[in-house]
Amino acid sequence: MGSFSRREFLMTSTGAALASRFVGTAAAATSPKHGGTLTATWGGFEPQSLFVPAGGGSSPYFTSTKVHERLLRLTADLKFEPVLALDIKPAEDFRSYTIKLRDKVTWHDGKPFTADDIVFCAMNYWKPVSAGVSLDALEGAEAIDPLTVVLKFKGPVPEFFLKSVLAGKSGLVIPKHIYAGSNIITNPINNTPIGTGPFKVKEWVRGSHVEYLRNESYWNPGLPYLDRLVIRWWRDPASRSAAFEAGQLDIGTFNPIPIPDIARLTKGGKVVAETKGYSNSAWVATVEFNQRREIFKKREVRQALMHAIDRQFISDTIFFGRARPSIGAVHSSNSIFFTKEVQDYPFDVKKAAALLDAAGYPLKGGSRFKLSLVSAGWFEENVKMGQYVKQAFEDIDIAVDLSVPDRATSLKRIYTDYDYDVAISNNSGSIELIPSTTQYYTTDGIVKGAAFRNATGYSNPKLDEIVAKMTVETDEPKRIALAKDFDRLASVEAPILPMVDLEPVTIARADVRSHSTTADFMGESWAEIWLDR
Amino acid sequence: MRRIVIRRLAQIIPLIFAVIVLNFVLIHLAPGSLFDVMTSEQQVTDPAMLDQLRRTYGVDQPTWVQLAKYIWSVMRLDLGFSYRQNAPVLHVIMEQLPATVILMLAATTIALLVGITAGVLASVKVNTIWDNLISFGAVFFFAAPSFWLGIMMTVLFAVKLGWFPVGGMRTIGSDHGAFADALDVMSHLVLPATALGLFYAATYARVMRASMLEVFRLDFVRTARAKGLSSGRVVLGHVMRNALLPIVTLLGLQLGTMLGGSVVIEAVFSWPGIGSLLFDSVMSRNFPMVLGVLVLGSLLVAVCNATVDLLYMRLDPRIRVR
């Protein structure tokens with residue numbers, strides 16, 4: 001503690017506070033402590049609105065989930081735990097589910113939370129606005145009594161699938177008495193959301209931070225541990241590093257600081273890096289081949305280009321080791337559906353060249369053919385990946401025209417205009433593969449203008465059939481077998497494949513306890529996080 | 001005096017009209033639209049929903065109709081509604097504009113104080129070690145990118161020495177009255193205002209030095225000296241006042257650039273100004289917000305320039321309204 005600063009001294013002017021700082025690093029207390037303010041951030045910018053009902057990306061997801069809870073949550077070891085639902089049971093035929101709700105839960109404005117809220121969410125919010133195709137089969141919702149809801153479906157719905165939707169990004173529970181009769185998407189309350197969660201919004205200072213206060217009437221007595229939660233936004237990763245070093249920031253999710261800074265910051269033991277807590281929102285960098293171009297209709301060409309990319313190099317050099325070469329279409333952190341028994345594409349320039357020769361694209365006049373490569377410029381790493389992939393393709397004598405457009409242009413070129421030959425993009429998938437992973441491969445994933453779906457135009461009845469079976473297969477082992485069939489076929493066909501599995505990191509001060517405990521920690525309510533100081 | 005104010009105000013109207021038309025065209029020429037960004041973020045795929053959103057955002061109409069509608073609403077002092085922020089444009093801007101204005105004023109003050117002092121000092125001690133040091137400093141601060149300077153100052157003064165906070169505008173959650181709040185904002189303001197101000201101070205120092213040296217050679221300075229005035233009075237009362245004119249010209253020109261330069265500084269220090277709002281809005285093609293910021297920004301610059309013109313007349317009585 002040699003670098004004890006004047007400001008810190010002024011802020012912690014009592015001797016007791018000073019003493020606890022010295023002890024804090026020595027031994028970890030076992031029983032959680034109440035109180036304190038946690039200052040958090042993430043590796044991105046301020047949200048456009050604190051709650052964006054239809055999704056809106058990671059930033060509003062981060063800010064809204066402290067207020068809006070879900071029926072269930074998925075733990076780090078992939079078990080569903082009750083939150084607002086005590087129990088969710090399928091009927092014999094899996095065509096309806098009975099949801100038992102938690103008693104004595106109130107909204108932040110004091111109104112009771114009841115089955116009517118869930119009926120409203122299911123029919124007026126989840127199905128039409130947030131969940132989209134996931135709840136296509138949902139036919140109706142009915143409140144049996146104030147704490148019981150029955151969801152009815154057109155066909156059988158697998159249990160893991162439905163629970164994933166309810167515990168996922170689209171399953172937030174919002175109050176009927178506030179949203180009924182209004183347009184959910186444009187309701188002004190979205191900037192000061194009211195939920196059942198452990199934190200109440202106190203104030204949002206645009207451009208700076210949002211401040212939450214402890215919900216004194218939270219349904220889980222004793223929680224949350226924190227008195228106050230502040231989510232602050234720094235636009236610049238280096239400034240976030242400085243804020244950690246100056247002790248003004250306690251935790252940052254999703255790569256808050258430049259990767260090379262991690263080693264320096266964690267060296268003293270005052271700050272730790274944690275990679276857990278991202279498996280239900282697993283990020284990958286993908287390469288996709290536009291099937292509307294004659295050249296890429298040939299499977300051998302797609303496979304050749306996969307062989308031409310040194311994905312270990314991308315992991316080590318571009319991501320500084322915070323990524324791994326992908327295997328198949330499923331993220332390696334997905335311990336339920338991931339399989340190694342897929343077609344792999346080791347880096348092999350000779351094989352790539354041989355495949356292209358065989359496919360009818362020999363070298364003539366300096367190059368085999370010319371392609372336009374679009375790397376979506378929303379991550380800094382995509383700029384470097386675009387430059388690297390360009391060189392890798394040039395090494396097998398393909399002329400490459402690279403462009404790295406900004407976010408809006410990338411969305412338009414890749415997902416609306418299909419104006420690319422090869423694209424580098426990203427997506428984050430949940431543990432459940434339908435639809436977040438499968439929609440990149442299935443025919444019904446082709447929706448012009450809808451981003452983060454099948455933009456390659458690939459269509460294969462055999463693959464569609466596997467996914468259709470998976471959608472209604474209620475026997476878990478059979479379903480996993482189908483998922484592996486899907487993965488194998490996708491990896492052989494390679495219309496789009498992940499190049500590297502990203503490994504996002506959470507940076508936290510060592511005295512922040514009980515974080516990164518669930519499968520998608522950024523979107524957790526953070527009721528259990530506590531400060532050991 | 002009144003004529004110049006009225007003339008300036010009259011010039012603002014075509015200026016704002018030009019700002020609107022030019023930026024409206026530019027943002028529509030850029031690929032991708034607010035509609036694309038919003039629907040992809042919200043994963044909207046249902047065709048009926050897409051149509052409904054098109055109508056809500058007003059993008060179902062031809063571009064020239066959208067432009068005419070926008071100009072008409074600005075004429076009624078209505079900057080429109082931002083569906084991205086889910087709030088009226090003026091409301092969002094007004095939440096963030098004060099921070100930028102405070103930062104600009106503080107940075108300008110620092111730039112003027114440091115720049116003029118350094119320039120005067122360098123001209124008085126011309127060709128000495130002082131002059132060289134000031135010239136070196138001026139070149140350094142002019143050449144150093146402001147984001148780099150900002151980060152370096154943060155590392156030194158906020159992380160290592162702990163004198164100032166790392167970023168933001170207020171200590172979150174402190175509520176000890178207006179005076180304590182002002183002090184709090186000031187301590188947050190020091191680093192960003194200095195990082196932004198030093199760049200401009202460098203220019204002012206160089207211009208002030210050159211301008212002072214020129215005035216030193218004029219006859220009235222020799223007269224003043226011959227009258228037996230102290231060298232301090234000669235420098236401050238006669239030379240400096242006359243040498244200030246080019247600085248005022250520069251100041252008027254640079255107020256606009258400073259608004260742009262603050263985007264970077266606001267990012268480094270997470271200063272809650274309109275810089276990051278403007279940047280996000282451009283990236284998401286949120287044209288009502290972009291135009292709103294630019295319209296208010298051009299108003300601000302126009303008013304500042306009119307003030308500078310008035311300042312000219314005060315500094316040099318020979319300048320008259322023609």
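1. Burial in chain A. Of its 533 residues, 58% count as buried (under 20% relative accessible area, with exposed meaning over 50% and partly exposed in between; 1.4 Å probe, protein chains only). The model is predicted: local features need pLDDT of at least 70, side-chain atom pairs count only at pLDDT 80 or more, and totals for chains, interfaces and linings use all residues. Residues are numbered from 1 along each chain as its sequence is written, chains are lettered from A and ligands numbered from 1 in the order written, and side-chain values use heavy atoms, leaving out hydrogens and water.

2. Dimensions of chain A. The radius of gyration, taken over C-alpha atoms, is 24 Å, which agrees with the value near 24 Å for a compact globule of 533 residues (2.2 Å times the number of residues to the power 0.38). The C-alpha trace spans about 75 × 65 × 40 Å along its principal axes.

3. Contacts in chain A. Among contacts (heavy atoms within 4.5 Å) with a separation of 6 or more, 70% join residues 24 or more positions apart.

4. Nonpolar patch on chain B. B:Phe136, B:Phe140, B:Phe147, B:Trp148, B:Met152 and B:Val264 form a nonpolar surface patch with about 570 Å² of accessible area together (Shrake-Rupley method, 1.4 Å probe; for residues, only the protein chains shown count as cover). Patch residues have over 30% relative accessible area and no salt bridge, nonpolar side chains being joined within 5 Å; a salt bridge is a side-chain nitrogen of Lys or Arg within 4 Å of a carboxyl oxygen of Asp or Glu.

5. Helix contributions. Helices H6 (129-143) and H7 (146-160) of chain B each supply at least two patch residues, and the largest share, three residues, comes from H7(B) (helices are DSSP runs of H or I, at least four residues, numbered from the N terminus). B:Trp148 lies in H7 of chain B and is partly exposed, at 36% relative accessible area.

Notes. Patch = residues over 30% accessible without salt bridge, like charges linked within 9 Å, V, L, I, M, F, W, Y side chains within 5 Å.
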